[in-house]
Amino acid sequence: MTRRFLFLLGSSRPDGNTELLARRAAEQLPADVEQRWIDLARHPLPEFEDLRHDSDHTRPTEGNAGLLLDATLAATDLVIASPLYWYSVSTPVKRYLDHWSGWLRTPGLDFKATLAGRTLWGVTALAHQEQEVADPLVGTLGNSAAYMGMRFGGVLLGNGSRPGDVLRDTEALSRAKTFFAREAPLARFPYEEPVAVPVPTP
C-alpha cells in the first residue's frame, strides 16, 4: 500500500512551533509519499455528543466531520501535531479523538478494523526543558493507538514558547530528520507484557 500521511494540526496559533517541527520532519519523507495537512482550528468539529446508549450513529458525509472522517480512513499514517496544552493534547485534538468514539459505533464503517495496523505518530512543542512533563500527551496517543490496534511511532518533542523558538532546538531538528524513517512497533498498553522474540540457535 502506498503510504499516505495525514498531518492534523492542533494548535490555536498558525505556523506555531509544533507545526514548524512537523514540517521539518515531513521534509524528509520520500517524494512519492502523499502528504495531506488539515488544520483542526480552521476545520472545527462540533462538540462530540455521546449517543452510544440512545441511538445509532450515522456516517457524516458533509462538513468538517465528513472531511476528517474520510481523510482519516484514507491515511496509512496519522500524525497528531499538537502543542502541549496543560500537559496534554489541545482541545481541537481532543475533540477529534472524541469523534473516534462515534465513528467506532457507526454501522458499516468498520473504523477500528480499518485503522488497525496503520501508524499513529505525534509531534509536540513544549515550553519546559524537562520532557517528562509531556508524558500525559504521549500516553494519550500511545494508549489510543493500542486500543485501535495501530502501530505507534512515538512523539517527536521540541522546545519552544515564542514563535520560531523550536528552530533553535538543534536536538529536535536532528531527531526530525529520521523520525518518520523508523519502523513503528505495534502499540501496547503499559500493562501488557512485551512479546518475546525467539532467538534462533546456531
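**View 1. Surroundings of Ser82 in the predicted model.** Ser82 touches Thr18, Val89, Ser90, Val93, Val123, Thr124, Ala125 and Leu137, leaving aside residues up to four places away in sequence; contact means heavy atoms within 4.5 Å. The model is predicted, so local features need pLDDT of at least 70 and side-chain atom pairs count only at pLDDT 80 or more, while totals for chains, interfaces and linings use all residues. Residues are numbered from 1 along each chain as its sequence is written, and side-chain values use heavy atoms, with hydrogens and water left out. Ser82 sits in the loop between β3 and α3 (91–104). Helices (H or I, at least four residues) and strands (E, at least two) are DSSP runs, numbered from the N terminus. Ser82 is buried, at a relative accessible area of 1%; buried means under 20% relative accessible area, exposed over 50%, partly exposed in between (1.4 Å probe, protein chains only). A polar atom of the Ser82 side chain lies 2.9 Å from the backbone nitrogen of Ser90.

**View 2. The open sheet.** Five strands run in the order β2-β1-β3-β4-β5, with parallel pairing. Two strands pair if DSSP finds at least two bridges between them. β2 (34–39) and β5 (151–159) are the edge strands, each pairing on one side only. Neighbouring strands are turned by 15° against each other on average, direction ignored. Axes are lines fitted to C-alpha atoms, for helices over the stretch in contact; angles run from 0 to 180 degrees between N-to-C directions.

**View 3. Helices on the sheet.** Helix α1 (residues 17–26) packs on the sheet and touches β1 (4–9), β2, β3 (77–81), β4 and β5. Its direction makes about 135° with that of β4. Helix α2 (residues 63–74) also packs on the sheet, touching β1, β2 and β3. The direction of α2 makes about 150° with that of β2.

View 4. Strand β4 (residues 119–126) pairs with β5 in the parallel sense over seven bridges. Thr119 has Arg151 of β5 as its bridge partner. Seven of the nine residues of β5 are buried, so this strand is largely enclosed by the rest of the structure. From β4 the chain crosses through helix α5 (residues 135–148) to β5, a right-handed β-α-β crossover: with the strands pointing away from the viewer, the path from the first strand over the helix to the second runs clockwise.

**View 5. Helices α3 and α5.** Their axes come within 12 Å and cross at roughly 10°. That makes α3 roughly parallel to α5 (angles under 35 degrees). Leu97, Trp100 and Leu104 of α3 meet Thr140, Leu141, Tyr147 and Met148 of α5.

Definitions and conventions:
Polar contact = N/O pair within 3.5 Å; in protein donor to acceptor, adjacent residues only side chain to side chain. Parallel < 35°, antiparallel > 145°, perpendicular 65-115°, else oblique.
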